[in-house]
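User: I would like to learn how to read contacts between domains and salt bridges in a model. Please take me through one case.

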Amino acid sequence: MSEAKFAGARLTGAEILWATLEGEGVREVFGYPGGAILPAYDALRKFPIRHILVRHEQGAVHMADGYARALGKIGVAVATSGPGATNMVTGIATAMMDSIPLLCITGQVSSKVLGSDAFQEIDITGITLPVTKHNYVVTRAEDLAPALREAILVAKSGRPGPVLVDITKDAQQGSAIYDFAAAAPRPHRPHPMLRAEAESILKAAELIRAAKRPIIFAGHGMIQSGAREQVLALAERLQIPVASTLLGLGGFPASHPLSLGMMGMHGEAWVNHAIQQSDLLIACGMRFDDRVTGSLPTYAPNAKKIHIEIDPAEINKNVKVDVALIGDLAEVLEILLPHLAPRSGGESPWLREVYAMKGECAVRDIQNLPDNGHLYAAHVMNDLWHATSGKAIVVTDVGQHQMWEAQYYKHEEPRTLITSGGLGTMGFALPAAIGAKVACPEKEVWVVAGDGGFQMTAAELSTIAQENLDLNIAVINNGYLGMVRQWQEFFYDKNYESSPILSPDYVKLAEAHGIPGVAVRTRAEVLPAVNAARQRKGPFLINFLVEKEDSVYPMIAAGSALHEMIRRPDSNPLIETAEDR
């Protein structure tokens, strides 16, 4: 390891950069060279760190993001100053919204000309301050190792997030004595641990024991915390059904009898009805965002609320709760569970009621979609799920296909759905899947992208070809910016202004990069194409030409209550209200 090999040696700042990253366990980085970061690239050849050359710096951050989500470790992206740095901003904001640990490294002009509007100078720390956990400007070689080690700690600790380190060119070219151990950051001081006898723990246990209609919410924090075992124990011990957020899918096994599926704007109808009728919500590592709650004044009106969350800033931010348990989810549940005895008496009346709602509400089941010569995106997702036995890592873009994937691809394991949740970043899927495949080369990885988002980062096909990644790509091509078109259909009198989108021939585009592909127009062609992709070593693209004006159901209109769902594909969609029920 470099920290031992170079301990006490005089190194350039560029060498200190890579030696420190190697010492922190970094083995892969995603980046694009340029003048202000060139000294670092010159030194890279001396270190056993794999560099993946991207085609756009936004792609570098999305790749690092996908890497971090798939592996549960920090992802690293590198860019030069000026436009190289500013191209990273969307990726950094994506990671910030979804709490993904990233280290973003940018080159900067020499400290002697900082503030002079030198060529490709930009205040990237000022620009990224709102979308990073913290950021640093390093102007001296001797400050590099401490800044990098602290940045990595900050990115990973507590609620994870992106951190940016901006390094001037003279800091890379200067030299200093390298001491990895001496550069160790101060120990992180987490929030005081809850005690078993704490008032909040006892009150939470009391609410859970008294509840007749409880629901557990499995959020992204369940995956980040590694709390699958503890949430399973809570659900099974007390026979409580479990609903998932979009980013929580896979945290709780989809096939488990207590799993309800996804909640919220495009969630399962029975889940949203159950939430509205519940008397206790146990929120595990989630933030009650608007896509989950719908109209706040009407949200779960009769339910007490327990919020288990690592970030105190999320408590009572959107939804007022009765008990807040602040801390790491797995650790909090380990303290809470001994206070809860197993529930006896078999299946509860509440579970029977929820299961009955599930049976009555399953109106958009895959079997109800006709196989009439038209290819529906839901068919593609369902067949992909069956072909892969639900075991692939699926990386989606943002839009209709993202919701169809969440509805029809049943995730059994954590970190098998990678998607942009909070920011909703189109163009995320292709580069993020590259990061996921680099992180988990032994796993099957699928890109699922719409024709709109795919075109935003399609240049990364060249990265896939250059790295010869065994990565499968499914383009869900309906000729529209599909979710925009759906909103225009429902709420703007079908005025499809600027939502039709022209696409290239994606098969020919892939072939131009040396990647084979096939176009699919009917359901009968889906499985043969998917199997062909799975059997081939190396990248493969499938252009699924699906129904153009299909919509995602259920859907909750912005500002509507959780139970007010557009449920059926009518020309005048039915809004089901509490009175209708």
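User: How many salt bridges does the rule find across the interface of domain 1 and domain 3?

Analyst: Side chains of opposite charge can pair when their charged atoms come close. The rule asks for a side-chain nitrogen of Lys or Arg within 4 Å of a carboxyl oxygen of Asp or Glu. Across the interface of domain 1 and domain 3 it finds one salt bridge. Arg 50 and Glu 467 form a salt bridge through their side chains, at 2.9 Å from N to O. This is a predicted model, in which local features need pLDDT of at least 70 and side-chain atom pairs count only at pLDDT 80 or more, while totals for chains, interfaces and linings use all residues. Residues are numbered from 1 along each chain as its sequence is written, and side-chain values use heavy atoms, with hydrogens and water left out.

User: Where do the domains run?

Analyst: Domain 1 covers 2-183, domain 2 covers 198-357 and domain 3 covers 366-552; the bounds come from an automatic or database domain assignment. Between domain 1 and domain 3 the C-alpha centres are 32 Å apart.

User: What is the area buried between domain 1 and domain 3?

Analyst: The size of an interface is often given as the accessible area lost when the parts come together. Here that area is about 2,000 Å², and carbon and sulfur atoms give 63% of it; the value uses a 1.4 Å probe and is summed over both parts. Arg 55, Arg 69 and Ala 70 supply 29% of what domain 1 buries against domain 3, more than any other three residues. Counting contact as heavy atoms within 4.5 Å, 26 residues of domain 1 touch 27 residues of domain 3.

User: How many residue pairs are in polar contact across the interface of domain 1 and domain 3, and which elements of domain 1 take part in its side?

Analyst: A polar contact is a pair of N or O atoms within 3.5 Å; within protein, one must be able to donate a hydrogen and the other to accept it, and residues adjacent in sequence count only if both atoms are side-chain atoms. The rule finds 12 such residue pairs across this interface, both residues at pLDDT 80 or more. On the side of domain 1 that touches domain 3, strand S2 (28-31), strand S3 (50-53), helix H4 (57-71) and helix H6 (89-97) each supply at least two residues. H4 gives the most, with 11 residues. Helices (H or I, at least four residues) and strands (E, at least two) are DSSP runs, numbered from the N terminus.

User: Which parts does the salt bridge of Arg 228 and Glu 413 tie together?

Analyst: The side chains of Arg 228 and Glu 413 meet at 3.9 Å, N to O. Arg 228 lies in helix H12 (residues 228-238) and Glu 413 in the loop between helix H18 (400-408) and strand S16 (417-418), so the pair ties together parts 185 residues apart in sequence. A search of the whole structure finds 18 salt bridges.

User: Which residues are linked with Glu 314 in a network of salt bridges, and is Glu 314 buried or exposed?

Analyst: The network links Arg 159, Asp 311, Glu 314 and Lys 317. Within it, Glu 314 and Lys 317 have their closest N and O atoms 3.0 Å apart. Buried means under 20% relative accessible area, exposed over 50%, and partly exposed in between (1.4 Å probe, protein chains only). Glu 314 is buried because its relative accessible area is 6%, whereas Lys 317, at 47%, is partly exposed.

Notes
Buried area = accessible area lost by both parts, 1.4 Å probe.
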